[in-house]
Amino acid sequence: MPSEIFTRPQITPGDKQTPVWQKLMEIWKNDYEKLRNELELCEDEKKAAKLRGRIAEVKANLALNNEMPIVD
């Protein structure tokens, strides 16, 4: 099986102005805060590792709002 490079669909500045995108950003920001708070109180190492993974996913989603477009 040939290896394929994963390409992410481009999110345009117009996409980022839509109500759906704004709602997603709000949800992800709230999720991030909740997960960080939960991590601060967590004493179980396995649960903490899972929380750190979820935090990384949410941060990646939030970063989509800041990515600069690729200029050829």
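**Salt bridges, core and surface of a predicted model**

Tutor: The side chains of Lys47 and Glu38 meet in a salt bridge, at 3.4 Å from N to O. The model under discussion is predicted.

Student: What makes Lys47 and Glu38 partly exposed, rather than buried or exposed?

Tutor: Partly exposed residues lie between the 20% limit for buried and the 50% limit for exposed. Lys47 has a relative accessible area of 42%, and Glu38 has 32%. Both values fall between the limits, so both residues are partly exposed.

Student: How many salt bridges does the structure hold?

Tutor: The structure holds three salt bridges. Among them is the pair of Glu45 and Arg52, at 2.8 Å from N to O. Glu26 and Lys23 also meet through their side chains, at 3.8 Å.

Student: How do you know that Glu26 and Lys23 form a salt bridge, and where do they lie?

Tutor: Their distance of 3.8 Å is within the 4 Å cut-off, so the pair counts. Glu26 and Lys23 are three residues apart in helix α1, which spans residues 19–41, so about one helical turn separates them. Glu26 is partly exposed at 42%, and Lys23 is partly exposed at 44%.

Student: Why is Glu45 called exposed, while Arg52 is called partly exposed?

Tutor: Exposed requires over 50% relative accessible area. Glu45 stands at 55%, so Glu45 passes that limit. Arg52 stands at 40%, between 20% and 50%, and therefore Arg52 is partly exposed.

Student: Which pair is called edge-to-face, and what makes it so?

Tutor: By the rule for ring pairs, the count comes to one aromatic pair. Trp21 and Trp28 form this edge-to-face pair, with 6.1 Å centre to centre and 85° between the planes. The centres lie within 6.5 Å, so the rings pair, and the angle is over 60 degrees, so the pair is edge-to-face. Both Trp21 and Trp28 are buried.

Student: Which residues make up the largest nonpolar core, and which elements contribute to it?

Tutor: The largest nonpolar core has twelve residues in all, including Trp21, Met25, Trp28, Leu35, Leu51 and Ile55. The elements that give two or more residues to this core are α1 and α2, the latter spanning 45–63. Leaving aside neighbours within four places in sequence, Met25 is in contact with Asn61, Leu62 and Asn65.

Student: What does the chain as a whole show in secondary structure, burial and surface?

Tutor: The protein chain has two helices and zero strands. Buried residues make up 18% of its 72 residues. The accessible surface comes to about 6,400 Å², of which 56% belongs to carbon and sulfur atoms.

Student: Which residues make a nonpolar surface patch?

Tutor: Val20, Leu24 and Ile27 make a nonpolar surface patch of about 230 Å². Leu24 lies in helix α1.

Note on methods:
Residues numbered from 1 in each chain as written. Predicted model: local features only at pLDDT ≥ 70, side-chain atom pairs only at ≥ 80, totals over all residues. Heavy atoms only, no water. Helix = DSSP H or I, 4+ residues; strand = E, 2+ residues; numbered from the N terminus. Buried < 20%, exposed > 50% of the residue type's maximum accessible area, 1.4 Å probe, protein only. Areas by Shrake-Rupley, 256 points an atom, 1.4 Å probe, with all protein chains shown as cover. Patch = residues over 30% accessible without salt bridge, like charges linked within 9 Å, V, L, I, M, F, W, Y side chains within 5 Å. Core = buried A, V, L, I, M, F, W, Y, C linked by side-chain atoms within 4.5 Å. Contact = heavy atoms within 4.5 Å. Phe/Tyr/Trp six-rings, centres within 6.5 Å; stacked < 30°, edge-to-face > 60°.
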